[in-house]
Every structure is written in C-alpha cells, then in structure tokens.
Amino acid sequence: MTEMSEIAPPSWPTRPPSATPPPVPTRVRIQGDTAADALAAGRRPSLPVESVFEVGDVSVFYGAKRALAGVSLRIPRSRITALIGPSGCGKSTFIRSLNRMNDSVPGFRLEGSVLYHGHDIYASKVDRVEVRRRIGMVFQKPNPFPKSIYDNVAWAPRNLGLRQGLDERVEQALRGAALWDEVKDRLKSSALGLSGGQQQRLCIARAIAIEPDVLLLDEPASALDPIATASIEELMHSLKGRFTIVIVTHNMQQAARVADGTAFFGLEAVDGEPTGTLIEYADTETIFGAPADPRTRDYVTGRFG
Amino acid sequence: MSEGPFDPAAPLRPTGNLRRRRVVSQVAEYGATAAAVLAVGVLAIVIYTVLARGAGAISFDFLVKGEPDGIGPMLVGTAEIVAIGTLIAAPIGVLIAIYLTEFGGGRLSGFVRLTLDLINGLPSIIIGLFVFGLLVNHHKQSAVAAAVALAIIMLPIVARGTQEVLALVPESMREASDALGVSRWRSVLTVILPSATGGILTATILAVARAAGETAPLILVDSVFDGKEVSLNPFEVVPNIPVKIFRLSEEANPEAITQAWGAGLVLLSFIMIAGLGARALLARSKARMAG
C-alpha cells in the first residue's frame with residue numbers, strides 16, 4: 001500500500017496556464033457549495049482550494065478480483081493531469097471511478113475515499129447523475145448520438161433544462177472544441193458523417209456544452225490518426241484554465257506535451273496477485289526528466305518489460 | 001517420410017477416414033436442406049390452397065356487405081378488437097422491455113424474461129377461459145374482453161421483440177448519456193427509443209399479425225353476433241373474422257365453405273403483408289443502427 005506521505009502532491013508552477021487566457025464564458029451556477037463557499041460561510045474547507053479531487057487510499061474490486069490497490073493522489077484545479085502506464089494497470093478503472101461510471105459494472109466495489117471539493121462522491125446520499133453532470137467524460141471511441149451535429153451538442157443542455165440561449169451555447173461549445181468552422185454550415189446533418197477526429201471533438205463539445213467542472217478524457221486520441229490527435233491536443237491546451245482535465249493516455253509524448261502533472265500507474269504484487277497501483281506522481285517534467293522510481297524511468301524511456 | 005500420419009507428397013485426395021466423414025457431412029447437409037425446403041413448401045401449399053379455394057368468394061360486395069353476403073362488419077370488428085388490444089399491449093410491452101434492458105438487473109430480469117416466455121407459451125384457449133371468468137361471466141361478451149385476451153397474447157411478443165432491439169443499441173450510447181449527467185429515463189426517451197423505433201414497430205406488427213387470427217379466446221368472449229351490420233361499441237359484442245370463419249366452416253352448405261376460404265384469404269393476406277412490412281422495417285432499422 002502506498003501512503004499519502006510518500007507521494008506528495010506535485011508543486012505546481014505559478015505561471016498562468018497560457019500567455020493569453022481564453023475568454024471565460026459565463027458559468028452556469030451549479031448547485032452545491034464549493035470550497036470557496038465553505039470559506040465564505042466561515043466553515044473550514046476540508047481541502048485546499050486548489051484541489052478538485054483528493055483521492056485517499058482507493059482500492060477497486062470487480063467481484064473478488066482487486067483491480068486497483070491503494071491509490072492516493074490530489075488532482076489540482078484548472079490543470080491537466082495525465083495518467084500513464086501499461087495496459088491493465090487500472091488507469092481506466094481509476095478515471096472511471098472519479099465520476100462513478102463504474103457503478104454499472106457488475107461486482108464493482110470501491111474502498112477508500114474519493115473527495116470532490118471535499119465531498120465524498122461515494123457517500124450514500126450522493127446522486128451519481130449529479131456527479132456526472134459536474135464531472136463530464138469523453139471516451140476512447142468517439143460515441144456521438146445518431147442525431148444531427150446540432151442536436152448532439154444541444155441534447156444534454158435541453159435535458160438539463162438549459163434551454164435559454166441554446167444556439168449560442170451550441171456555438172460556444174463547438175468553438176471551444178475547435179470544430180465550429182468545420183461544421184457551422186452543416187449543423188443539421190448527421191454527426192455520423194463526420195470523420196473520427198471530428199466526431200471526437202464533437203464529443204468534447206457535447207461534454208463542455210453543459211459546462212462541467214471537470215473533464216475526464218479516457219484515451220481520447222487512441223482511436224485517431226496523428227493529425228486528429230494533434231488537433232485534440234491543441235484543443236486540450238485551449239481548454240486548460242476553463243476546466244480541470246484528467247486524461248488517460250498510452251502515448252507518453254502526448255502526456256509530456258499536454259500535462260502539468262503526470263501519474264504513473266503500474267502493476268505491483270498485492271496478496272500475490274498483480275494489481276494496478278500508483279507508482280509515482282509528480283509534475284510532468286520530473287516524471288519524464290528525473291523520475292524517483294526506477295520503474296517509472298524504465299517505462300518513460302521505453303525500457304519497460 | 002512414412003512415419004508421419006500422412007505422406008505430405010501424396011496427391012491431394014481423401015485419406016484416412018475422410019471418405020466416411022465426407023459422407024456423414026453430406027447426409028447432414030441434405031437433411032438440413034430438406035427440412036428448410038419443407039418449411040417453405042408448407043407455407044406455399046397453405047397459401048396456394050387458400051388462394052385457390054377462397055379467390056372465388058372475393059368481391060367488392062364480399063368485403064363491404066354484412067351477413068349473409070359479405071364480411072364487412074367482421075373486418076371492421078377485427079380491426080377494432082386488434083387496435084384496442086394493441087393500445088393495451090404495446091405500451092406495457094415496451095415498458096417491460098425498457099425495464100429489462102435499462103433498469104432491471106440480474107435475477108429479477110431473468111425471472112421476468114422467463115415469465116414472458118411462459119405467457120407466450122400459454123394455450124390461447126386458457127387465456128380465453130381466464131378472460132371469460134374475469135370479464136364475461138355474470139356480465140356479457142364484449143369487444144373489450146376480446147381485446148384484453150388478445151393483449152395478453154400480444155404482450156410477450158411485443159416485450160421480447162422490443163427487448164431484442166433495445167439490446168442492439170450500443171452500450172456506448174448509454175455511457176455517452178450517463179457521462180453527460182442526464183438521467184437514464186431521459187436517455188431512454190430521447191436517445192435509446194428513437195434509435196430502436198423500427199424494431200419496436202416490427203415487434204408490434206408481428207404481435208398484431210398473431211393476434212388478428214386468434215380464434216379460441218374470441219369464441220368464449222366475443223362470439224354471439226349476427227354480423228348483419230357494423231357495430232363499434234367496445235362494450236358490446238363486435239363481429240369478427242376468426243369466429244366468422246369458424247362458424248362458416250361448420251355449416252353444411254358449400255357456399256358457406258367457399259365464404260370461409262374467402263374470409264381466410266382476407267385474413268391471411270393481411271397477416272402476410274403485415275409480416276413482410278415488419279421484416280422490411282426491421283432490416284431498415286438494423287442498417288441504420290449499424291451505420
């Protein structure tokens with residue numbers, strides 16, 4: 001088991017995320033208090049304001065099988081955090097645990113705590129639909145609805161009651177996903193006619209249309225060609241600052257290019273079974289430049305296995 | 001060279017027991033083909049017989065006039081009974097399918113599925129007796145009673161058929177809508193059902209085709225009519241085709257037998273057209289989901 005103290009949260013550079021910060025759209029107020037609200041109300045927040053997630057000693061089980069053991073880390077606000085590591089080491093399980101997407105997997109059980117702005121998202125009274133409304137997710141394979149481009153983006157706002165200014169909201173989301181110029185003349189045509197890279201950017205537009213707090217990206221570029229991948233990466237840079245982004249990637253150059261902090265997951269023997277766990281977590285330069293753990297070094301330099 | 005199970009340099013003719021295995025395989029193939037041809041043959045013979053014997057009875061008067069010249073009121077009555085039955089069975093059946101694929105899990109779903117299959121296997125005369133005891137005994141026969149009996153017959157067909165097409169909607173659609181913080185019911189209404197419309201219609205049409213020809217329950221719950229004119233009040237007895245065919249076939253007069261074949265032809269055409277339409281719709285909706 002990894003102790004919290006062994007993996008200190010990385011020290012973040014204090015520079016602004018980018019030289020020219022993107023225009024911040026008016027945020028829709030989401031119910032529930034934030035750490036800042038808690039401070040204003042005179043209560044001591046349980047987290048420093050800059051952390052979005054505080055994950056404490058999380059283990060995940062599928063039935064009797066332990067998929068993830070003793071993961072503890074903090075995910076800072078408005079930064080990009082990358083999760084890297086070999087296949088089958090629990091990265092996807094971990095990221096899907098952050099917005100309770102694993103709940104529908106039969107036999108899923110989680111131990112430890114996942115605090116989101118100080119609230120345990122696995123507490124009994126927490127509504128997982130509300131969790132996902134604040135913590136959006138984009139999947140490995142683009143999964144647009146069999147609807148028009150416009151309806152794909154407008155679908156969630158409509159269902160969440162954000163009907164006012166829907167056209168502007170759709171345009172903002174498509175601009176935010178760097179897709180507007182390519183599709184503005186064919187908003188009514190089917191989303192299934194777009195290329196893979198465009199579909200994935202549409203899925204990102206669909207996710208940011210409801211202005212979530214966090215965007216979880218589970219290998220968003222792994223099914224795309226290098227050009228589409230480059231456009232997704234560019235997009236992530238422009239989204240940084242507006243959203244907290246957590247990304248799972250198999251592509252280490254991608255992690256090195258886009259992420260502020262990087263967590264390296266690997267396999268470790270727990271009760272005699274190889275189990276996914278967090279090996280090392282630091283800012284990206286450290287992980288790729290001077291990793292503390294020899295396993296991290298072997299992996300990032302391509303000498304793994 | 002001679003140590004191996006076969007000589008790799010020998011000509012490529014059957015060796016060892018391949019000759020025997022080939023005969024067995026041929027016999028099995030011919031048997032399966034013959035069975036398939038038999039099924040097509042049975043359908044062809046039935047259609048041919050009904051056409052040959054019933055075509056003579058068909059005329060405009062036969063389709064629109066009442067007793068004793070035609071089956072007009074019976075046609076209207078059957079349409080009414082089946083329509084009411086569909087109005088009862090389709091929404092419940094679709095909801096059951098939604099429960100099975102979207103909300104239910106594990107053991108209870110399995111039990112519901114088993115129950116549907118058992119209802120599907122219930123002899124229709126038993127359903128007729130049940131509805132007779134429930135709605136007709138001490139009251140009177142009515143179109144509503146007939147519709148309830150047909151709805152029970154239709155329910156498992158609609159539910160199982162719809163469940164199968166809902167299961168074809170990719171899991172990634174559900175993940176996508178879950179990840180957007182929209183409740184499952186909204187996703188069902190606006191994403192899952194729309195992409196399965198074709199399949200749901202197909203299941204419903206198949207159920208309609210099956211219900212339209214059901215005779216046994218109607219004899220018990222909706223059979224005392226004279227069929228002289230159209231009657232639409234669902235709380236009264238309404239004339240219908242299956243009972244009419246049954247009655248005509250019991251008469252000794254050859255003209256009545258011809259009329260029975262004619263009415264059978266009308267019913268059969270309706271069911272065949274409905275079935276083919278259902279297949280076409282299903283094919284279209286599957287192609288759309290795959291695209």
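Predicted model: local features only at pLDDT ≥ 70, side-chain atom pairs only at ≥ 80, totals over all residues.
**Stop 1: where the chains meet**

Start by showing chain A and chain B together. Their contact draws on 20 residues from chain A and 15 residues from chain B. Now select helix 3 (128–134), strand 6 (135–138), helix 4 (149–159) and helix 7 (196–208) of chain A: these are the elements that each give two or more residues to the side touching chain B. Helix 3 of chain A supplies the largest share of that side, four residues.

**Stop 2: helix 1 of chain B**

Next, select residues 18–54 of chain B, which form helix 1. This helix has 37 residues and reaches 53 Å from its first C-alpha to its last, close to the expected 54 Å. Is helix 1 of chain B largely in the open, or largely buried? Of its 37 residues, the number buried is one, so helix 1 lies largely in the open.

**Stop 3: two packed helices**

Stay in chain B and select helix 3 (residues 72–103) together with helix 9 (residues 197–212). They pack at an angle of about 140 degrees, and their axes are 10 Å apart. That angle makes helix 3 of chain B oblique to helix 9 of chain B. Their crossing is right-handed.

To see where they meet, show side chains in both helices. Helix 3 of chain B brings residues including T78(B), G85(B) and V94(B), and helix 9 of chain B brings residues including I200(B), T204(B) and A212(B). The residues of this contact are nine nonpolar, four polar and no charged.

Notes: Residues numbered from 1 in each chain as written. Chains lettered and ligands numbered in written order. Contact = placed C-beta atoms within 7 Å. Expected span 1.5 Å × (residues − 1). Buried ≥ 20, exposed ≤ 12 C-beta atoms within 10 Å, placed from the backbone. Axes fitted to C-alpha atoms, helices over the stretch in contact; angles between N-to-C directions. Parallel < 35°, antiparallel > 145°, perpendicular 65-115°, else oblique. Left-handed = near helix turned anticlockwise from the far one by under 90°. Nonpolar A, V, L, I, M, F, W, Y, C, P; charged D, E, K, R; others polar.
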